[in-house]
Amino acid sequence: MNDVLKKIRQTGIIPVIKIDDVEKAVPLAKALCDGGLPCAEITFRTAQAEEAIRRISEALPDMLLGAGTILTTEQVDRAVNAGASFIVSPGLNPKIVKYWVDQGNAITTGCANPSDVEQAIELGLDTVKFFPAEQAGGINMIKAMAAPYVNMKFMPTGGISPANLNDYLSFPKIIACGGSWMVKDDLIQSGNFEAITKLTKEAVQAMLGFEFAHIGINSDNEEEATKAANLFGTLFGMNVNAGNTSIFTSTAIEVMKSNYLGAKGHIAIKTNYMDRAIDYLKGLGVDVKIDTAKYKGEKMTAVYLDMEIAGFAIHLLQK
């Protein structure tokens with residue numbers, strides 16, 4: 001997979017933006033970054049798109065920028081010269097695909113049926129846009145099409161919202177979803193960037209699904225851990241289950257048989273997607289202790305963050 005597409009996959013959500021007033025481009029981009037989505041697809045449906053991409057690229061050079069609704073090779077050149085690093089088209093135009101791919105760049109071209117996908121494969125693509133997603137059959141259609149095309153990945157756009165976002169993202173053949181619910185036209189026109197930041201944060205949290213899993217308590221030895229776990233169980237009627245390195249009381253309290261990370265212990269937080277959560281947290285300046293990672297096959301299932309909060313280490317878990 002192209003490196004840009006890998007970045008898109010890590011991001012998970014690509015805001016699809018129509019800009020009529022170029023003066024709002026940079027404040028809008030900053031609102032998305034503040035909300036946790038340093039990326040955007042600027043559609044070429046308006047005359048302001050090219051200049052909007054240029055201004056955002058200059059003001060926020062680390063932002064992942066794409067150009068959408070690309071219909072001609074001339075638009076490809078204009079978008080790239082302005083600073084776009086990927087191209088999105090609503091349908092499959094072999095001329096545009098070949099022009100862009102021959103330069104070694106990333107494109108997600110629109111596909112809505114198996115014939116489109118086969119053309120995309122013939123053109124050397126391993127990722128396509130599925131558009132219009134909901135109107136073309138939604139996640140069930142993608143799953144049906146993905147079965148015979150085992151190496152193809154999809155980026156659905158059209159009708160995606162917080163209500164169905166994770167129905168799509170939970171399917172491993174989907175790299176990301178395009179959506180515009182956090183960048184509504186009326187909010188852009190009125191310059192209500194605070195609302196856009198709020199909606200963007202809500203979109204990220206809906207995707208990542210952070211929630212409390214359990215608290216871990218450090219003990220000096222197994223005997224001390226057993227006493228503490230049994231006391232919780234006796235007082236509050238909780239089941240006690242001993243493991244190799246810790247003892248769980250219910251599912252919310254883990255008593256460690258020896259002192260581990262965290263001065264006081266650890267707090268475990270569950271997430272829908274480990275890789276996307278890690279990428280999001282790195283954007284906030286928080287890295288992980290990769291030597292603490294646990295895996296099921298090639299998939300990471302647990303890792304500690306390289307930080308403490310109030311004396312507690314933070315343990316990230318895959319749901």
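The backbone oxygen of Gly262 lies 2.8 Å from a polar atom of the Asn218 side chain, a polar contact being a pair of N or O atoms within 3.5 Å, where within protein one must be able to donate a hydrogen and the other to accept it, and residues adjacent in sequence count only if both atoms are side-chain atoms. The model is predicted, so local features need pLDDT of at least 70 and side-chain atom pairs count only at pLDDT 80 or more, while totals for chains, interfaces and linings use all residues. Residues are numbered from 1 along each chain as its sequence is written, and side-chain values use heavy atoms, with hydrogens and water left out.

- Asn218 is found in the loop between strand E9 (211-217) and helix H11 (222-236); helices (H or I, at least four residues) and strands (E, at least two) are DSSP runs, numbered from the N terminus.
- Asn218 is buried, at 12% relative accessible area; buried means under 20%, exposed over 50% and partly exposed in between, with a 1.4 Å probe and protein chains only.
- The Asn218 side chain also reaches the backbone nitrogen of Tyr260, at 3.4 Å.
- An open sheet is formed by 8 strands in the order E7-E6-E5-E4-E3-E2-E1-E8, and the pairing is parallel; two strands pair if DSSP finds at least two bridges between them.
- Strands E7 (153-156) and E8 (177-179) stand at the edges with a single partner strand each, so one side of each is left without a neighbour in the sheet.
- From one strand to the next, the twist averages 30°, with axes taken as lines fitted to C-alpha atoms and angles running from 0 to 180 degrees between N-to-C directions.
- Strand E6 (residues 127-130) is joined to E7 by 4 bridges, and Lys129 stands opposite Met155 in E7.

**Helix H10**
- Helix H10 (residues 193-208) has 16 residues and reaches 22 Å from its first C-alpha to its last, close to the expected 22 Å; the expected span is 1.5 Å times one less than the number of residues.
- Buried residues in H10 include Phe193, Ile196, Val204 and Leu208.
- Gly209 follows H10 and has a positive phi, near 60°.

**Nonpolar cores**
- The largest nonpolar core has 92 residues, and Ile8, Phe154, Ile174 and Ile196 are among those with the most contacts inside it; such a core is a set of buried Ala, Val, Leu, Ile, Met, Phe, Trp, Tyr and Cys residues joined through side-chain atoms within 4.5 Å.
- H10 gives the most to this core, with 7 residues.
- Another core, of 5 residues, lies apart from it and includes Ala225 and Ile253.
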